Amino acid sequence: MNQTTSTEIKTIDRYVEHVSTVPAIAGQTMKQFLREKCSGDIAGRPDGHVDEGQVVLMIHGGFWPCSVAFDCPYPDYSWMEFLAKNGYDVFALDMTGHGRSALPLQADINNLSPKERESLLPGVAGDTNEGASYPYCLANSDSETADINAVVDFIRDLRGVDKVKLIGWSGGGIRVGTYALAHPEKVERVVIWASSNYLPDGPDAPPSVMPAPGYPTLFQSREFGENVRWRANIKCDGQVEDEALFDIVWRAGAEADPIGAQWGGLRGPTRTYWGWTRNGASRFSIPALVMVGECDRLLESNIDLYGDLGTPHKAFLRIACASHFMMWERARHIQRRTALEWLDHGTLEGNPSGKFRANEQGQIAAISDD
C-alpha cells in the first residue's frame with residue numbers, strides 16, 4: 001500500500017444498525033458506533049468504492065473505546081491516522097457495551113457486581129443494595145461475532161470490497177480470532193496484538209445455560225487501569241514519552257463514556273467466551289501476525305497462541321520496552337511499522353513466517369523456538 005498523496009485525512013463517525021443477538025436485547029435494533037478515517041480522495045469518490053485490500057477494521061479490548069485505543073487525540077498518536085496516511089480506509093468499532101455503543105441497562109449501578117461497586121468514586125453508589133435489573137452476563141462469543149459481522153458487511157457494501165483486514169487488541173484479539181474462524185471468506189489478513197482470553201484447554205462450546213447468571217456490566221476505575229495495569233508495567237526509561245498522555249487518554253475515554261467517567265472509570269460488558277482454544281486455533285486459516293510487548297503479562301499466552309495457530313502463514317513479534325498499552329508508548333512506531341508491512345504484504349521483515357524480536361531501538365531479528 002502506497003502512502004496517500006492527499007494530506008487531508010477525513011474523520012467520519014457513523015452508527016451501524018443491525019438486529020442484535022445479545023440476549024438482553026435479542027431481536028432489537030442495535031446501533032454500533034463506527035469511526036472511519038480515510039484520505040479526502042477516498043471520501044470524495046462518487047461510488048465510495050476502494051480497491052480490494054485497502055480496508056482495515058480495528059477492534060478494541062476490554063475497556064478502552066475505539067476512539068481512544070486507535071485514534072488517540074494527541075499529535076502522532078493516532079494509529080488510525082497513520083494507516084489512513086498510508087493509503088488505507090480505516091474503521092474502528094465500539095463493541096456492544098462499550099463507549100458510544102453502550103446499552104441503557106449499563107447506566108444502572110445495580111447492574112455492577114457488589115465488588116465492582118466498591119471501586120466507584122466515593123458517594124457515587126449511594127446506599128443502594130438493590131439487585132441487578134438484568135442478573136445475567138451480557139455478551140458472548142456468538143453475539144460479538146454477529147456484531148462484528150454486521151459491521152464487516154456494512155463496510156464491504158459501503159466500499160465495494162469482498163474482504164477486510166483486521167487488527168484486534170487485547171479483548172479484540174479473541175474477537176478478531178473467533179470472527180475469522182466463523183467467517184474466513186470475509187477476512188484477508190489479521191494482526192492480533194496481545195490477545196487476552198486465549199485458553200488452550202478452555203471450552204470449545206457454549207455453556208449449557210445461557211445467558212450465564214451474573215451481572216451485565218464491568219467497571220475499571222481510572223486508578224486501577226492507569227496505575228496497576230499501565231504504570232506498573234513501565235519498565236524502561238522513556239517508555240512513555242510524555243507524562244501528559246495519562247491525562248489525555250483519560251479525557252478521551254471520558255468523552256466516549258461519560259457515565260463511566262462520572263463513576264470514576266470506564267464501563268464494559270461481561271462476556272461469556274468459548275472457542276478461542278487450542279482446537280479453535282488449529283483451524284485458523286488466515287495469515288496472522290501475533291505481536292506483544294515484553295512488559296505485557298500476556299506475553300506467554302500469546303507465544304502459546306502463535307504456536308497453536310494452524311495457518312502456516314504466521315509470524316510472531318515480541319517488542320522490548322513495551323506494555324499492554326504500546327499504542328501510547330515509544331514502541332508504537334515499531335508496532336505500526338511492522339503491522340503495516342503485514343497488512344501490505346503479509347510479511348515481517350520480508351518473511352512470511354517465523355518468530356522475531358524487536359529491541360528498544362526498533363531493530364528486528366529472528367529468534368529461535370527455544
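This is a predicted model: local features need pLDDT of at least 70, side-chain atom pairs count only at pLDDT 80 or more; totals for chains, interfaces and linings use all residues.
Local features are described where pLDDT is at least 70, side-chain atom pairs count only at pLDDT 80 or more, and totals for chains, interfaces and linings use all residues. Residues are numbered from 1 along each chain as its sequence is written, and side-chain values use heavy atoms, with hydrogens and water left out.

View 1. Strands (E, at least two residues) and helices (H or I, at least four) are DSSP runs numbered from the N terminus. Lys31 is partly exposed at 46% relative accessibility, while Glu17 is exposed at 51%. (Buried is under 20% relative accessible area, exposed over 50%, partly exposed in between, with a 1.4 Å probe and protein chains only.)

**View 2. Glu36 and Arg159 pair up in a salt bridge.** Their side chains come to 2.6 Å, N to O. Glu36 belongs to strand 2 and Arg159 to helix 5 (residues 141-159), so this contact ties together parts 123 residues apart in sequence. Both residues are buried.

**View 3. Glu144 meets Arg175.** The N to O distance is 2.9 Å. Helix 5 holds Glu144 and helix 6 (residues 171-182) holds Arg175, so parts 31 residues apart in sequence are tied together. Glu144 is buried at 3% relative accessibility, and Arg175 is buried at 2%.

**View 4. A salt-bridge network links Arg222, Glu226, Arg231, Glu243 and Asp247.** Across the whole structure, a search finds 27 salt bridges.

Technical notes: A salt bridge is a side-chain nitrogen of Lys or Arg within 4 Å of a carboxyl oxygen of Asp or Glu.
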